[in-house]
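Please look over the sequence and the structure below before reading on. This report goes through selected features of the model in turn.

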Amino acid sequence: MQEMSLGNLNYEFSREQEPRLRISSGETIRVETEDALSGQIRKPGDCRDKSKVPYSNPVTGPIYVEQAKPGDTLAIRIEKIESRDGQCATYTGNPKQLCQWLGTDVPDGAHVCPIREGLVYWSDDIAIPYQPMLGCIGTTPAYGMPSTMPAGPHGGNMDIREVTEGNTLFLPVFVEGAYLYLGDAHAAMGQGELSATGLEMASHTTLTIELIKGKTIAGPRIETPDELITVASGTPMERATAEAFAQLILWMESEHGWNRWRAYDLLTHVSEISLGYYEGGGLAVKVPKKYVAHPS
């Protein structure tokens with residue numbers, strides 16, 4: 001199994017960088033990533049200082065997938081997400097739209113949270129289940145250099161909890177080699193990532209990457225053992241919601257034998273929504289496979 005160390009921190013999905021790892025379809029790799037806070041909060045007394053490190057969500061890469069061409073798809077099975085240091089960190093991010101009600105006198109609130117025996121100790125009294133996920137993972141677009149702050153058809157900073165162990169993420173390929181980057185691992189995250197900061201951790205992530213030739217998708221998809229999921233982003237969130245549902249319906253139609261209008265009807269009754277960072281408009285919609293198995 002090939003391994004990739006941290007290397008320089010990247011804050012863009014860039015096709016101009018030299019690939020740090022080249023892999024063939026079907027390979028399993030292990031990748032080291034820094035936390036979304038660029039490693040600034042490691043011990044008591046540390047704080048997030050954007051005057052020194054202005055950017056967030058550093059990613060490791062790029063990973064070049066041999067024979068990947070525009071119009072193909074990567075199927076990325078997430079085998080394992082491990083905390084590199086046995087801890088994670090968080091702080092009180094800018095309340096932004098909440099300032100109208102909460103005010104602007106915001107404490108830094110930075111603190112380190114130990115991870116032990118499947119629990120994240122947010123405080124001495126409150127332990128949160130360890131539920132690791134990748135907040136930021138994506139291929140590289142054919143034009144422009146998107147930063148690691150927004151999400152888009154390439155993936156990016158989706159902050160979707162279902163990008164986790166045991167699930168397969170499907171991403172479009174836009175450039176030769178795909179140029180895959182990943183980072184922003186969380187030990188846990190609430191729906192909506194209210195303060196734009198989850199329980200951020202440096203990680204070692206193990207992935208198995210398959211190249212699907214000639215399969216073109218419009219944006220990120222996730223398949224779990226029990227659900228089909230599509231991801232969309234952008235504001236207003238109503239628009240992203242509509243796009244995610246439309247893509248899920250088209251997936252059911254093209255690959256699972258459903259009439260689109262019957263799928264539209266069914267999703268009205270059985271679908272669920274998973275929220276990424278609320279202000280970025282990122283979200284996923286999902287349907288249980290037990291319903292999809294009976295096309296109508």
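Predicted model: local features only at pLDDT ≥ 70, side-chain atom pairs only at ≥ 80, totals over all residues.

## Two domains

The protein chain is divided into domain 1, residues 2-212, and domain 2, residues 226-293. Taken over C-alpha atoms, the centres of domain 1 and domain 2 are separated by 23 Å. In the interface, 17 residues of domain 1 are in contact with 13 residues of domain 2.

The area buried between domain 1 and domain 2 is about 1,200 Å², and carbon and sulfur atoms give 55% of this area. On the side of domain 1, the residues that lose the most area to domain 2 are Ile-160, Glu-162 and Gly-192, which together make up 37% of what that side buries. Polar groups also take part: nine residue pairs are in polar contact between domain 1 and domain 2. Two salt bridges are found across the interface of domain 1 and domain 2. A salt bridge is formed by Glu-279 with Lys-96, where the closest N and O atoms are 3.4 Å apart.

## Helix H3

Helix H3 runs over residues 260-270, and its residues Ala-263, Leu-266, Leu-267 and Val-270 are buried. Seen down the axis of H3, the buried residues fall within an arc of 100 degrees, so they line one face of the helix.

Thr-168 is found in strand E13, which covers residues 168-172. Is Thr-168 buried or exposed? Its relative accessibility is 16%, so Thr-168 counts as buried, the cut-off being under 20%.

Which residues are in contact with Thr-168, leaving aside its neighbours within four places in sequence? They are Ala-75, Ile-76 and Arg-77, and also Arg-221, Ile-222 and Glu-223.

## Backbone exceptions

Most residues other than glycine have a negative phi, and most peptide bonds are trans. The following places depart from that pattern.

The peptide bond from Gly-61 to Pro-62 is cis, with omega near 0 degrees. Pro-62 lies within strand E4, residues 59-65. A cis peptide bond also runs from Thr-235 to Pro-236, where omega is near -5 degrees. Pro-236 is placed in the loop between strand E17 (227-232) and H2.

Asp-184 sits in strand E14, residues 180-186, and is buried, with a relative accessible area of 1%. Ala-196 is in the loop between E14 and strand E15 (203-212), and it counts as partly exposed at 35% relative accessibility.

Methods. Residues numbered from 1 in each chain as written. Heavy atoms only, no water. Buried < 20%, exposed > 50% of the residue type's maximum accessible area, 1.4 Å probe, protein only. Helix = DSSP H or I, 4+ residues; strand = E, 2+ residues; numbered from the N terminus. Arc of directions from axis to C-beta. Domains from an automatic or database assignment. Contact = heavy atoms within 4.5 Å. Buried area = accessible area lost by both parts, 1.4 Å probe. Salt bridge = Lys/Arg side-chain N within 4 Å of Asp/Glu carboxyl O. Polar contact = N/O pair within 3.5 Å; in protein donor to acceptor, adjacent residues only side chain to side chain.
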